[in-house]
Every structure is written in structure tokens, then in C-alpha cells.
Amino acid sequence: MSTRWMMTARLPPEELVLDALSGGQHEVNALARAWLPHVYRWCARLGGPGFDSEDAAHEVLITMCRRLGGLRDAGQFPAWLFGITRRTLANHRRRAWWRRWLPAAVIEERPAPGGPQRHVEISDAHRIVWTALSALSEAHREVLVLCELEERSGSEAAVLLGIPLGTVKSRLRAARTRFRAELGEEEDVPSDSVVGGGR
């Protein structure tokens with residue numbers, strides 16, 4: 001797999017969660033704003049092409065705001081929010097079960113350098129990558145997105161997924177193997193074709 005995945009910003013600090021739990025609507029809104037980019041990327045990368053990532057991300061944050069008062073441990077917030085994202089995505093899939101994975105879906109729209117021919121090549125590469133990702137199980141897709149697309153450490157992925165580090169490592173090994181097998185002869189796709197772009 002390419003080593004030029006886009007680096008994802010570090011997760012927002014726990015202090016924002018503590019402020020939201022002890023403060024008012026202003027603090028809750030600040031927490032939602034800080035986490036929106038992360039939630040949106042999760043929805044876009046785990047939802048796949050043709051998925052309404054923006055709508056799903058907003059639903060996740062609305063649910064977060066509504067249920068935040070029931071959170072007892074601020075340190076568990078990242079895994080708690082990732083769990084809400086998982087359930088929201090599952091609900092969206094059930095409501096839109098007839099949608100198929102579509103080619104050339106990207107998280108951030110930007111013109112492809114190199115003219116029309118390069119744009120076609122990038123679009124084809126997007127299709128190849130998304131087709132390979134869609135063949136993975138949900139558990140394998142989640143760990144591959146967090147550790148490869150977002151370049152998160154195994155420990156950070158373990159926190160978000162709420163599973164042991166050893167499980168993350170074993171799932172990641174299996175996910176990489178299956179992903180490469182799905183890519184087949186198309187494994188060497190352009191590095192800037194990967195969802196989210198290159199660094």
C-alpha cells in the first residue's frame with residue numbers, strides 16, 4: 001500500500017469534553033466543532049462512495065449532543081463517539097440498502113493536476129481503491145481506515161474501536177492482506193488517488 005496517505009490531525013483534547021460536561025451549550029458546541037472533521041472523515045471513509053457523509057456526520061454530532069450527559073468518563077469519549085458513528089452508519093446503510101458503491105468518490109473535491117487524462121486516471125484509481133475497501137468486512141475496513149488512511153497508531157485505533165491493541169494488530173494484518181489481494185494487479189495505484197489525498 002502507498003506510504004503517502006494524508007496525515008490526520010491529532011484528536012481534540014480531553015479538556016474539551018470536560019468543559020462540555022460541566023458547561024453549557026456554548027461548550028457543547030465547541031466540542032462538536034472540534035470533532036466534526038474527524039467524524040466527517042470517518043463517515044466518508046467508512047460509508048464509501050455514494051454515501052451522504054455530511055448528513056451522517058451531522059446526525060452523529062446531534063446524537064452526541066443529545067446523549068453527552070450520560071457519559072460518565074471523559075476519557076472514554078473518543079471510543080464512545082466512534083461507537084455512535086458506527087451505529088449511525090449502520091442505520092444509514094439500512095435505510096439506503098439499494099445504493100451501490102459508485103466510482104470516483106473523494107472526501108475533498110479538488111481538481112486533479114495534469115489535465116483531463118490525469119483526472120480519468122485518478123477517477124479509475126478511486127474506483128479500484130473503493131472496490132477493494134468494499135470487499136473487506138466492516139471490522140477490517142475500520143482498522144484499515146484508522147491505521148492506514150488516517151495514519152493513527154495501533155494504540156489510538158484500539159482506543160477508538162474499544163478493543164485490545166493485539167486485536168487491532170491482527171485485524172490490520174488480515175485487512176492489509178485482503179486489501180492487497182482485492183487490488184490484485186492494480187495494487188500500484190497512484191498515491192494521490194487514495195481517498196483523502198496525499199501529503
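This is a short chat about the inside of a predicted model.

Trainee: How many cavities of 30 Å³ or more are there?
Mentor: The count comes to one cavity of 30 Å³ or more. The volume of the largest cavity is about 40 Å³.

Trainee: Which residues line the largest cavity?
Mentor: Its lining consists of Leu46, Arg86, Leu89, Arg93, Glu138, Arg141 and Glu142. Helix 4 (77-95) and helix 6 (138-149) are the elements that give two or more residues to that lining.

Trainee: And by class, what does the lining have?
Mentor: Five charged residues, two nonpolar and no polar.

Trainee: Take Glu142, then. Where does it lie, and is it buried or exposed?
Mentor: Glu142 lies in helix 6. Glu142 counts as buried because its relative accessibility is 4%, and the cut-off for buried is under 20%.

Trainee: What does the side chain of Glu142 make a polar contact with?
Mentor: With the side chain of Arg86, at 2.9 Å. Both Glu142 and Arg86 are in the lining of the largest cavity.

Trainee: Which residues is Glu142 in contact with, leaving aside neighbours within four places in sequence?
Mentor: Leu46, Phe82, Arg86 and Leu161.

Trainee: Back to helix 6 as a whole. How many of its 12 residues are buried?
Mentor: Nine of them are buried, so helix 6 is largely enclosed by the rest of the structure. The buried residues are Arg141, Glu142, Val143, Leu144, Val145, Leu146, Cys147, Glu148 and Leu149.

Trainee: What follows helix 6?
Mentor: Glu151 follows helix 6, with a positive phi near 55 degrees.

Trainee: What about helix 7, which residues are buried there?
Mentor: Helix 7 covers residues 154-161, and its buried residues are Glu156, Ala157, Ala158, Leu160 and Leu161. Just after helix 7 comes Gly162, with a positive phi of about 70 degrees.

Trainee: Changing topic: how many residues has the largest nonpolar core?
Mentor: That core has 45 residues. Those with the most contacts inside it are Leu31, Val39, Trp42, Phe77, Leu81, Val168 and Phe179.

Trainee: Which helices supply at least two residues of this core?
Mentor: Helix 1 (14-22), helix 2 (25-47), helix 3 (53-67), helix 4, helix 5 (115-134), helix 6, helix 7 and helix 8 (165-183) each do. Helix 2 gives the most, with eight residues.

Trainee: You listed Trp42. What does Trp42 touch, not counting residues up to four places away in sequence?
Mentor: Trp42 touches Trp35, Gly47, Leu81, Phe82, Thr85, Leu89, Leu146, Glu150 and Leu160. One of these, Leu89, also lines the largest cavity, and Leu146 is among the buried residues of helix 6.

Note on methods: Residues are numbered from 1 along each chain as its sequence is written. This is a predicted model: local features need pLDDT of at least 70, side-chain atom pairs count only at pLDDT 80 or more; totals for chains, interfaces and linings use all residues. Side-chain values use heavy atoms; hydrogens and water are left out. On a 1 Å grid over the protein atoms alone, a cavity is a set of points where a 1.4 Å probe fits but cannot get out, and a pocket is an open set with protein on both sides within 12 Å along at least five of seven lines; lining residues have an atom within 4 Å of a point. Grid points are joined across faces, edges and corners, and a volume is the space filled by probe spheres set on the points. Helices (H or I, at least four residues) and strands (E, at least two) are DSSP runs, numbered from the N terminus. Ala, Val, Leu, Ile, Met, Phe, Trp, Tyr, Cys and Pro count as nonpolar, Asp, Glu, Lys and Arg as charged, and the others, Gly among them, as polar. Buried means under 20% relative accessible area, exposed over 50%, partly exposed in between (1.4 Å probe, protein chains only). A nonpolar core is a set of buried Ala, Val, Leu, Ile, Met, Phe, Trp, Tyr and Cys residues joined through side-chain atoms within 4.5 Å. Contact means heavy atoms within 4.5 Å. A polar contact is a pair of N or O atoms within 3.5 Å; within protein, one must be able to donate a hydrogen and the other to accept it, and residues adjacent in sequence count only if both atoms are side-chain atoms.
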